[in-house]
Amino acid sequence: MEYIVSARKYRPLTFDAVVGQAALTTTLKNAVKSGKLAHAYLFCGPRGVGKTTCARIFAKAINCQNPTEDGEACNACESCQSFNEQRSLNIFELDAASNNSVEHIKTLMEQTRIPPQLGRYKVFIIDEVHMLSTAAFNAFLKTLEEPPAHVIFILATTEKHKILPTILSRCQIYDFERMTIRNTVDHLMHVAEQEGITYEKEALDVIAEKADGGMRDALSIFDQAASFCQGNITYEKVIEDLNVLDSKNYFQIINLSLENKVSDIMVLLNKVINKGFDGGLLIQGLAKHVRNVLMAKDEQTLPLLEVSDQQRHDYQEQAKKCPTPFLYQALKLMNQCDINYRQSSNKRLLVELTLIEIAQITQPDDADASAGRRPRRLKSLFKQLMQQSQRTTAAPQVAAAETKASPSQTNMPSQAPKTSHDSQTNPANPAPAVKLGGLGFSWNNLSSQNKKINMQIIPGTIAVPKDQDHETDATFSQTDLEFQWMSMCNRMPQKLSGIATRMKNMNPVITDFPNVEVIVDNDLIKKEMEDIHKSITKTLQIYLHNTKITLSIRIAERQERIKVLTRREQFELLSKKNPAVEKLRQAFDLELA
């Protein structure tokens, strides 16, 4: 006896035998009963959910000479018999994947002119209709809009978005749903009973999840598992045959993470990898598992779980143990790992670090450091530094406050002197808080120090720090001058950004210490600098610690002016100094942009 695969052997022959599409089959049966048939139908949905099967059942019911009261075909009349024996002349099936040219469509259109020899309608079933070319669609468009009265088109596709809108507007559209886990398992149980195959419910759950909503895929996997298990389908054998990672591993990883058992998780990961599973697959499966646990925490989101009844119960039990913040953080870490997995050069290390971080989410901050745990004692270290800084800075500040008391305060009401002990215990005068931002140097520190000095270049005025009022005559070098000159240009306000940019290209020179000279190109620049001459001079005196500095500004002589070279002139000058540059240009046939 010839062997027939289950997907063909148990293909539905009536609307009632179709699994998981009750709404669509009811609509089609009612259309057959009432005789209100459209001229074009479009069946769309994922693979293996019954689109072509429903199209054949519908075409058979349309031409049935004695349909039942429910709208089913009688399977007894000549039309039904000819269809069952695959000799019907009224039902045509066309595979658009291999017949997608304009010529094939024109041949099909010619056949529509011939009326049916037996029955009322000629039914044309076009499978994978999205594979038709644009020209073929256009050739098919007019006939589809106004076909002969005896013609009905049934189009089937898995990719509805590829069909032209003008085609969609001329069809009644039926969207087929993916098979649920429960419907798939029930149908597999029926097939197993018909074939005399023993099974475990958990094994059929694994097959249904692997099929991902396709009944044809589920039946194909079922045949594969039945051959491997020799008529006794068990959970362990199905896991081994399909090379599927057991979901119990995910439950175990989450339970170990809640207990912060990093070492056990690493041992479990090693077992999974030794079985041939990829670390990225483990992360993806664990992320899906955590998502399901999160959905199981609320009764409203519980129907979103596409799992078996037993697994739904297991998810609910684990959801009671897992805090919601833990699940959110775990999903975030696994999503980041999934993004970086392909680019990582050490993929296993990336997976291990992700699992370690997940296992530390519920770890207390003050937990002692141990093997495999994140060092969380860093905060306490900074707290000790802050306390030491407060103790060392409190005494000098109190002493400075006492020395600032002036004799004029004797006329004021008497007040007991404050000791360092009072300053620490009195809540009105707490010790100044030391922030971590004050440790070391940063751009914010430097900018705050400049604000304290109040050094702003404002034409004609300048704020002088009190500690710079007295005369100083410190020695400075040309390097010190150039450094302070550039620093001054960087501190100039926004309204003086133009002259500040020009000053950066100037080179102040010490002519006769401590006299400084600056050479400018023209009178306009000289006039702009003379407007802020006092501010520039005072700034140099303060930062170079020499109050005798003078600044002179003069216009450059003709022989002192430097010519600004173009890019080509710069390249020619460079080529003269280094002939190898010209040889390189000739070797690569380069041109100056």
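**Helix packing and burial in a predicted model**

Reader: In this predicted model, at roughly what angle do the axes of helix α25 (residues 567-577) and helix α26 (residues 579-588) cross?

Author: The axes of helix α25 and helix α26 come within 5 Å of each other. Since angles of 65 to 115 degrees count as roughly perpendicular, α25 is described as roughly perpendicular to α26. The crossing angle itself is roughly 115°.

Reader: How do the residues of the contact of α25 with α26 divide into nonpolar, polar and charged?

Author: On the α25 side, the residues that take part are Phe-571, Leu-574, Ser-575, Lys-576 and Lys-577, and they meet Pro-579, Val-581, Glu-582 and Arg-585 of α26. Sorted by class, this contact holds four nonpolar, one polar and four charged residues.

Reader: How far apart are the axes of helix α22 (residues 497-504) and helix α23 (residues 523-531)?

Author: Two packed helices are described by the angle between their axes and by the distance between those axes. For α22 and α23 the angle is about 110°, which makes α22 roughly perpendicular to α23. The crossing of α22 and α23 is left-handed, and their axes lie 11 Å apart.

Reader: Which residues of α23 are met by α22?

Author: From α22, the residues in contact are Ile-499, Arg-502 and Met-503. By class, the contact of α22 with α23 has four nonpolar and two charged residues, with no polar residue. The partners in α23 are Ile-525, Glu-528 and Met-529.

Reader: Is Ser-6 buried or exposed?

Author: Ser-6 has its place in helix α1, which spans residues 6-9. Leaving aside residues up to four places away in sequence, Ser-6 touches Arg-11, Val-191, Leu-219, Phe-222 and Asp-223. The relative accessible area of Ser-6 is 4%, and because a residue counts as buried under 20%, Ser-6 is buried.

Reader: What percentage of contacts in the protein between residues at least 6 apart in sequence join residues at least 24 apart?

Author: The secondary structure of the protein comes to 26 helices and 10 strands. Among its contacts between residues at least 6 apart in sequence, the share that joins residues at least 24 apart is 70%.

Reader: What percentage of the accessible surface of the protein belongs to carbon and sulfur atoms?

Author: Of the 593 residues in the protein, 37% are buried. The accessible surface of the protein comes to about 35700 Å², and the part that belongs to carbon and sulfur atoms is 52%.

Technical notes:
Residues numbered from 1 in each chain as written. Predicted model: local features only at pLDDT ≥ 70, side-chain atom pairs only at ≥ 80, totals over all residues. Heavy atoms only, no water. Helix = DSSP H or I, 4+ residues; strand = E, 2+ residues; numbered from the N terminus. Buried < 20%, exposed > 50% of the residue type's maximum accessible area, 1.4 Å probe, protein only. Contact = heavy atoms within 4.5 Å. Areas by Shrake-Rupley, 256 points an atom, 1.4 Å probe, with all protein chains shown as cover. Axes fitted to C-alpha atoms, helices over the stretch in contact; angles between N-to-C directions. Parallel < 35°, antiparallel > 145°, perpendicular 65-115°, else oblique. Left-handed = near helix turned anticlockwise from the far one by under 90°. Nonpolar A, V, L, I, M, F, W, Y, C, P; charged D, E, K, R; others polar.
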